[in-house]
Amino acid sequence: MAKKKWDSASVLSALVILCLYAAVFIAEQLIPPTSMLFTVLKKGATYALVAVSMNLLNGFTGIFSLGQAGFMLIGAYTYAIFTVPIAQRAIVYQYYNGGVVQFTLPVFAAMLLAGLVAALFALLIGLPVLRLKSDYLAIATLGFAEIIRTVFQWDKLGPVTNGSNMLRLFPTFNDFNLRNAQGEITVYLSTLVPLLISGVCIAVIVLLINSTFGRALRAIKDDEIAAEAMGIRLSSHKQMAFCVSSFFAGIGGAMLAMYQTTVQAKSFTTAMTYEILLIVVIGGIGSVTGSCLSSFLFVACSEWWLRFLDQKQVIGGFEVPLLRNGFRLVVFSIIIMIVVLFFRQGIMGTRELPDLFRKRRSPAKGGEGK
Amino acid sequence: MFNTVFPYLLSGISVGGQYALIAIGYTMVYGILRLINFAHGDVFMVAGIIMVYMAASGVPLLVCIPLVLLLTSLIGFAIERIAYKPLRTAPRMSVMISAIGVSYTLQNLVLYITGGLNQIYPTIPFISGSVTIGPATTKVVTVVTPILTIVLVFALVQLINHTKVGMAMRAVSKDFETSQLMGININRVISTTFVIGSFLAGVGSMLYFTNYTTVIQTSGAMPGLKAFVAAVFGGIGSIPGAVVGAFIIGIAENIIKGLDIILFKAGLIAKPMGLATFSDAFTFALLIVILAVKPTGLFGEKTIDKV
């Protein structure tokens, strides 16, 4: 089995991904950094990671969790709290005498910590919540996200979380650019690094999905009782999947903080979870490639390609009706409803990138899985 | 002590009644379709928006009220036909995603129409005035809500227990397939459920927004979630359960809003703790506790899973 792992389709997909990264690197050096392309790529990378982490639960384990925004919030706050430079703390925590945390962590250590803290919360919340059935679990995780949002805004926690004020002035994606002694940017990396971080995380998730553990999760999704009869411990597997998913959602949250340059608890609403869920659905529940593709599509449409719908357009002296602020979102929702109702497979169904290069597998040979 | 607590208790009962009217919609739909209708809170919000626009266009209020209720019922009916009916044989997760999609669509549609601005809710003359009860002065709506809620719930229970449609509803919620075999028109029963649920949400929205005076596209989300928690708390599928749960949540939430002042006046704490922040969080904490301890809720029936 190990020998046959690198078939031509896998090699080809690895090459495609490598080429994409190279293209981004080159584009970044040539195109001015204010281009919408980079905004889309940065935000897309963030959403792709969160969407894949949600897919791990909803698509591969069959746990319908709606707590993603809560875990992102934890990640974003953990990252921000531990990376605001000491010199700036007096400004950021101006209502709380500079706050209680008086040290900073390196960026990557803080991101890792963001994931770990989110996973810790997942461990705690998972104990009561994961015993619940599908829709009860959805609503309980949703409720948990709301609780987290309130707790982080509590005035008494202000010295740590800055209460309901925003956290800012921490390192962002732009700090990944390499600068020379004069402070001029020599090599632009502000888009490539987030893409790399999210790529590495997604690769880890993919490895996990294709491991014994991942196969056990899929068995749980297909039939809990049968999986249990085959000797899979339901509670520990579900707990583990929940923690792993939250870990990466936490890192995604840290990336979102870097993308937005500020963090405020009130922006991590249920609507954010819904958005990510819809990304997963559009991409295809149970396809990592689909989640990534649809994240970039979703972000590109909402931030860039469909922007024209929000402004008045005059074509040949004729003013197109209906176009004004908010119309983009209406069009968008209608597209989503069409996907949900008529194309339930999404873009990719359950296929992955290498499957696109393979000829259609004959069912007789499909015993090995992937 | 009583004088401090009473105003909070009063507004708690009022909000509880409004939640109850929304919660019934959740619990009835869940009873029949086993679906959390995430869009129900948004139907409630849309009812508020329709009222705003209709009153602004000069329609007299007495005509507005029935018209809004009619339109809200129609919206509920249309949502079921468009978004849920095609997915009747699909896995439950798909239907729930569709519900979330509808919620997203309704919110964006309202955002587009209103431009994302707070809309001032028209004053409904009979229930907007002030009234003084004991130590508290509130709007008349505070007193009207619990009474109206009880009357409507009583009527609904009569409908379910003593009419043919009600009998069909009970049958469908007991066993979907068998009732189909018995010649019950499932689609009609489900549509009726959505119409009743939306109608009650419409009534609830009139009472709720008279109290809070502004409507925006996100106004439906929080009351919707809380009403759902109330439905779970009371035992999902049970109408009296939803009502009792809604009153408990409404009262608890308002007591927590005033907890700082109550504790302060009672001399238990020296300075405010900012506990009012937790009024929303409490509802969800309660939900998680209930689900962990007694998932069937106060009045819910125990279901047995067969392998």
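**Aromatic pairs.** I started with the rings: this predicted model holds 21 aromatic pairs over all chains. I picked out A:Tyr79 and A:Phe170. Their ring centres sit 5.8 Å apart and the planes meet at 85 degrees, so I logged the pair as edge-to-face; the cut-off for that label is over 60 degrees. Next I looked up where the two rings come from. A:Tyr79 belongs to helix 3 (residues 68–83) of chain A, while A:Phe170 is in the loop between strand 1 (167–168) and strand 2 (178–179) of chain A, so this pair ties together parts 91 residues apart in sequence.

**Salt bridges.** One I checked is B:Glu253 with B:Lys226, whose side chains meet at 3.2 Å, N to O. That pair also links distant parts of its chain: B:Glu253 is in helix 11 (residues 239–257) of chain B and B:Lys226 in helix 10 of chain B, 27 residues apart.

**The A/B interface.** How many salt bridges cross between chain B and chain A? The rule finds zero there. For polar contacts between the two chains, I count one residue pair, both residues at pLDDT 80 or more. As for where chain B's side comes from, helix 3 (61–84), helix 4 (92–114), helix 10 (221–234) and helix 13 (279–293) of chain B each supply at least two residues of the side touching chain A. Helix 4 of chain B gives the largest share of that side, with 17 residues. By residue class, I have the chain B side down as 36 nonpolar, eight polar and three charged.

On contacts, 47 residues of chain B touch 48 residues of chain A. The two chains bury about 4,100 Å² between them, and 76% of that is on carbon and sulfur atoms. Which three residues supply more of chain B's buried area against chain A than any other three? I noted B:Ile97, B:Tyr104 and B:Tyr112, which together supply 19% of it.

**A hairpin in chain B.** Last stop was strand 2 (residues 130–133) and strand 3 (residues 136–139) of chain B. They run antiparallel and are joined by four bridges. Looking up B:Ser130, I found its bridge partner in strand 3 of chain B to be B:Lys139. The hairpin has two residues between the strands, and B:Gly134 takes a positive phi there, near 55 degrees.

Methods
Residues numbered from 1 in each chain as written. Chains lettered and ligands numbered in written order. Predicted model: local features only at pLDDT ≥ 70, side-chain atom pairs only at ≥ 80, totals over all residues. Heavy atoms only, no water. Contact = heavy atoms within 4.5 Å. Buried area = accessible area lost by both parts, 1.4 Å probe. Salt bridge = Lys/Arg side-chain N within 4 Å of Asp/Glu carboxyl O. Polar contact = N/O pair within 3.5 Å; in protein donor to acceptor, adjacent residues only side chain to side chain. Nonpolar A, V, L, I, M, F, W, Y, C, P; charged D, E, K, R; others polar. Pairing = 2+ DSSP bridges. Phe/Tyr/Trp six-rings, centres within 6.5 Å; stacked < 30°, edge-to-face > 60°.
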